[in-house]
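Okay, thanks for having me, everyone. Have the sequence and the model up on your screens, and we'll walk through a few spots together.

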Amino acid sequence: MSGPTQNATRQAPAAIASPQGGAVPAIELRGISKAFGPVQANKDISIKVMPGTIHGIIGENGAGKSTLMSILYGFYKADRGEIVINGRETAIPDSQAAIRAGIGMVFQHFKLVPNFTVVENVILGAEDGRLLRPSIAKARRELKRLAEDYEMDVDPDELVENLSVGHQQRVEILKALYRQAEILILDEPTGVLTPAEADHLFRILDTLRAEGKTILLITHKLREIMMATDTVSVMRRGEMTATVKTSETSPTELAELMVGRKVLLNVEKTKAQPGKPILEVRDLRVTDEAGVARLKGVDLEIRAGEILGIAGVAGNGQTELLEVLGGYQVAKGQIKVNGKVLDLTGRADAQSRRRDGIAHVPEDRHHHGLILDFPAWENFIFGYHGAPEYQKNALLMDNAGIVKATEGAMERFDVRPPIPSLAAKNFSGGNQQKIVLAREIERNPALLLIGQPTRGVDIGAIEFIHKRIIELRDAGAAILLVSVELDEIRSLSDRIAVMFDGEIMGFRDPATTDEKDLGLLMAGMRDPSPDAHEDLAHEDSEADDDGGEG
Ligand code: ADP
Ligand code: MG
């Protein structure tokens, strides 16, 4: 691969001139791969980013975007591949090298020191750090100029801890510009911003582009890609699946590229026979610590014996919805389960939610579903340890009985190996998920919340898990299914609700919708035919109830 001729070319001085008139990419990545243990975070990624453009990289959570950017910024070392900056192959072993190559990065989580001023933060770690004192006055002048040029409204002498999140982000941008970055990487920059702050950020990016800077915008939000970028690359599961001109693509196409199309999983099920309403959610609102609205008035209802699937690109409020229902997220609005109003103060623990008939298979089973160092049998009663059948007497739990119950559940759920004393971390992902499912499903809950049921699970186990979910439905449970796998949603759900930016954009019948239709709603397009699907929201029965009471 690296013959002498090639080597000679690589070591040539900077390729400033563009060969044959074609512009030289500001950044070119060639065959970048990076694994974290068994996780292949980046697989043979190649991409060209042209100077003076805003190039978006879109992909779901976990697709590998931040890893790729961390390699470009010298935080991680790629296992394989090359970085070419302005036509010259460049080793980037650390962030100092990245800065020297003209790259600046605005992180997902800011790295500013709160009790330092803006100007102190900006010169921290800069090459002239040793000459801190003499350079402060110079830095202050330079910062003032930059802040004015880009209308950033940042006072160099303000303490960072007194700044809003939006202003802290501007300091990160100023810091990069102060170091003369020509290439700016922004990783999920609007996740922490209010809509007005986000608009301001995009104006700043426009100005930077007009000056010839190159911007890499990492986001999982389709709207931002469509609005702000010239070119967009799509990542899925560690791979770069496409690079297209933004003007030549559509939100639907991007949504499909992000979530992928697989053979529709074949789930055998009969038509649902919905009974009485089990879950009733009204005007549910969640605001996060930064003051950003994550749920903006969600209304939904699920009846006994039906599965409502929530479709959507990850990060549009699905996680918050599950967290509120699970009892560990504060919310406003009202939730009733079997007619009982739930505590939304965020202080309801797992046990009290379970007493209310709610079982929960969390999206992130490693953090919320299992205690990895504990044996399978202890995990089997996690959240249910107060149940009378597990007590031996007033003081002791019936450990032998629990181990025996676990053995039975492991057999019924085909958990391998069927050893109750084995620590949860020693089971494969699919078998861990089966342990959680066995625990939650075997209690015959009135309502099952299930997030990403088959993430990290092998094909054989997927089929098994889907069957158990359908059985629970047929036994009369209401099921709320959240999955980023569109095929899973389409094949399991009796009704589909599409979430975007904290709202439900529409309800659909899986039998009559298709990927295009869902893709539009997932991209935040207002439902073009809400009336045609009105009956799917199940709101008329609730209106009757309200009318009776009022
Ligand atoms: P994205 O930014 O697209 O959400 P990331 O690049 O953060 O995705 O992650 C890609 C994959 O690599 C994920 O499966 C993630 O869990 C894994 N990963 C990322 N960083 C690390 C790390 N430092 N150690 C182990 N796994 C990691
Ligand atoms: Mg990321």
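Let me start with F413, which is buried, with a relative accessible area of 4%. By buried I mean under 20% relative accessible area, with exposed being over 50% and partly exposed in between, using a 1.4 Å probe and protein chains only.

Before I go on, some housekeeping. This is a predicted model, where local features need pLDDT of at least 70 and side-chain atom pairs count only at pLDDT 80 or more, while totals for chains, interfaces and linings use all residues. Residues are numbered from 1 along each chain as its sequence is written, chains are lettered from A and ligands numbered from 1 in the order in which they are written, and side-chain values use heavy atoms, with hydrogens and water left out.

Back to the rings. Phe, Tyr and Trp rings (the six-membered one for Trp) pair if their centres lie within 6.5 Å; planes under 30 degrees apart are stacked, over 60 edge-to-face, and the rest tilted. How many aromatic pairs does that rule give? The count comes to three. One of them is F36 with Y76, edge-to-face, at 5.2 Å centre to centre and 75° between the planes. F36 sits in strand β1 (residues 27-36) and Y76 in the loop between α2 (65-72) and β4 (80-85), so this pair ties together parts that are 40 residues apart in sequence. Helices (H or I, at least four residues) and strands (E, at least two) are DSSP runs, by the way, numbered from the N terminus. F36 is partly exposed, at 33% relative accessibility, and Y76 is partly exposed too, at 35%.

Now, F413 pairs with F464, edge-to-face, 5.8 Å centre to centre with 75° between the planes. F413 is in the loop between α14 (399-412) and α15 (429-441), and F464 is in helix α16 (residues 459-474), so here the pair ties together parts 51 residues apart in sequence. F464 counts as buried, at 17% relative accessibility.

And what lies over the face of F464? K434 does, at 5.4 Å from the ring centre, and R468 also lies over the face of F464, at 4.4 Å from the ring centre. The rule there is NZ of Lys or CZ of Arg within 6 Å of the ring centre and within 35 degrees of the ring normal.

Next, sheets. Strands pair if DSSP finds at least two bridges between them. There's an open, antiparallel sheet of four strands in the order β2-β1-β4-β5, with β2 (39-49) and β5 (88-89) at the edges, each pairing on one side only. Seven bridges join β1 to β2, and L29 has I47 in β2 as its bridge partner.

Then look at β8, residues 214-219. Six of its six residues are buried, so the strand is largely enclosed by the rest of the structure. In general, side chains of a regular strand alternate between the two faces of the sheet. In β8, T214, L216 and I218 are buried on one side, and I215, L217 and T219 on the other. Strand β3 (residues 54-58) runs parallel to β8 with five bridges, and β7 (residues 183-187) is likewise parallel to β8, with five bridges. I215 stands opposite I54 and is also the bridge partner of L184. From β7 the chain crosses through helix α7 (residues 195-210) to β8, a right-handed β-α-β crossover (with the strands pointing away from the viewer, the path from the first strand over the helix to the second runs clockwise).

Zooming out, the protein chain has 19 helices and 20 strands, and of its 550 residues, 53% count as buried. That's my tour, thanks.
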